[in-house]
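Please look over the sequence and the 3D structure below before reading on.

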Amino acid sequence: MKKTDNPLNELIASNLYARYSGILSLSDIPLFLVDTNGYVLNELIPSPDFCTLLCRKRRDQVCCDYRERFNSDDGHEGTFVCHHGLQNIYIPIKLHDETLGYVAGMQVYSQDTEYQKFMIDVQSLKKETNTELAYIAKSIAALKTVDENKMKTHEQLCSHIAKNISIDLSERVKGHANSDVARLSIEKEMLEKKIIDLEAKNASLVVNPHFLFNTLNCIARIAYFEHSQKTEELIYCLSDLLRYNLKQNDQLHTIASEIDNIEKYLYIQKARFTNRLEYTIDVPENIRAYRIPNMVIQPIVENALIHGITPKRDGGKINITAREAQDLVVITIEDNGSGFPKDVLEKIHLLENTSGFGVSSTAKRLKQYYGECYGLEIVKSDFSGSTVAIKIPMQPIGRC
């Protein structure tokens, strides 16, 4: 079967990632779809640079260790340790007993095989790939070592996704809409377990675990009164929000991805506050392509909700807008709440950490990326509400 003829391509084009974002948010171990010839169709969780740039002969095709097994195993699932000592898994995606491809991944060391990381022949890799030793060393150092329980969980994710993709393909052939009830049930259960684990480690947690628990309670109440559509939407939003919040803080993301995250956050909060919360988002398309550190807009919106909207009996409204001003991109978060409490406002101006999400840490991060003349500005904060502006340069990285 040619790569372009594979029915998996049509499924991938139908926003495959969104369908499985819930359970994907629970893992940071590589997971990808490949066809039977080893061509990578979609990287749901990207592979490490060591595998994609140093081991693969082609970036769009998995290494020979995988391809040899695809050719010999005839559609069976399996695990193996590659010649560099990395743990791997592959599970077939089938349609009417025909194997169309595989859900594959892991590419991590177990605690028993980690020692092989230090036995990799870097000189041979340098010669084979014409790559600088420093880059090879950095790529090897970035390879992860995970415990057995985490690997077993990842195997379950791979198996679950492979099974559901096979069902999706079968339903598409029949012309039926696939039922997501079982998948949503599994995602909700796994999310709840993950949240409990995250709460125990909340010193390094970006999202407030109480917010996550409150949201799950909201989902449970909605599920009691209606069948599944609203529940599905909320679970997807929560899943995407959790995954986005667990991304590394030192990465730049597009404003579009930040706004998408905010829309999901406010959609969930709207389900909780109902008619006590209204919001609008107006960010032009030309601004959405600019890059910004992740998680710099949500803390401002969170504070607007906590300090501005929540205390008011009738709630209020949050407006998010963006515009270009000379060489700046200005993102404004405005609410008609009660304003920041005086002590919180003073701490923000002094760049001290406050309770909750920490607006001051957001201001510090912006200045670290762009320079002292950029960052946050409290435009207004009084009884009529608050207005906070985020100012960044149009260029990806700027300095005063």
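How many cavities of 30 Å³ or more does the structure hold? This is a predicted model, and the structure holds 2 cavities of that kind. Such spaces can be found because rolling a probe the size of a water molecule over the atoms shows where empty space is left.

**Cavities and a pocket**

| Space | Volume | Lining by class |
|---|---|---|
| Largest cavity | about 60 Å³ | 7 nonpolar, 2 polar, 1 charged |
| Second largest cavity | about 30 Å³ | 5 nonpolar, 1 polar, 1 charged |
| Second largest pocket | about 240 Å³ | 6 nonpolar, 4 polar, 5 charged |

The largest cavity is lined by Cys51, Cys55, Cys63, Asp65, Tyr66, Phe80, Cys82, Leu86, Asn88 and Gln107, and helix H3 (49–55) and helix H4 (64–73) each supply at least two residues of this lining. Around the second largest cavity, the lining consists of Cys51, Cys55, Arg56, Val62, Cys63, Tyr66 and Gln107.

The second largest pocket has 15 lining residues, and those that lie nearest its centre are Leu54, Cys55, Lys57, His83 and Glu128. At least two residues of the pocket lining come from each of H3, H4 and helix H5 (122–129), and H5 gives the largest share, with 4 residues.

**An open sheet of five strands**

Which strands form the open sheet, and in what order do they lie? The sheet has 5 strands with antiparallel pairing, and their order is E2-E1-E5-E4-E3. At its edges are strand E2 (40–45) and strand E3 (78–81), each of which pairs on one side only. From one strand to the next, the twist averages 20 degrees.

Within this sheet, strand E1 (residues 31–35) pairs with strand E5 (residues 98–108) in the antiparallel sense, over 5 bridges.

**Strand E12 and its two partners**

Is strand E12 mostly covered or mostly open? Of the 9 residues in strand E12 (residues 385–393), 8 are buried, and the strand is therefore described as mostly covered, where buried means under 20% relative accessible area.

Strand E12 has antiparallel pairing with strand E10 (residues 328–335) over 8 bridges, and in that pairing Asp335 has Ser386 of E12 as its bridge partner. Strand E11 (residues 375–382) also pairs with E12 in the antiparallel sense, here over 7 bridges, and the bridge partner of Asp382 in E12 is Gly385. To follow the chain from E11 to E12, look for the hairpin that joins these strands through 2 residues.

Key:
Residues numbered from 1 in each chain as written. Predicted model: local features only at pLDDT ≥ 70, side-chain atom pairs only at ≥ 80, totals over all residues. Heavy atoms only, no water. Pairing = 2+ DSSP bridges. Axes fitted to C-alpha atoms, helices over the stretch in contact; angles between N-to-C directions. 1 Å grid on protein atoms, 1.4 Å probe; cavity = no way out; pocket = protein on both sides within 12 Å on 5 of 7 lines; lining within 4 Å. Points joined across faces, edges and corners; volume = space filled by probe spheres on them. Nonpolar A, V, L, I, M, F, W, Y, C, P; charged D, E, K, R; others polar. Buried < 20%, exposed > 50% of the residue type's maximum accessible area, 1.4 Å probe, protein only.
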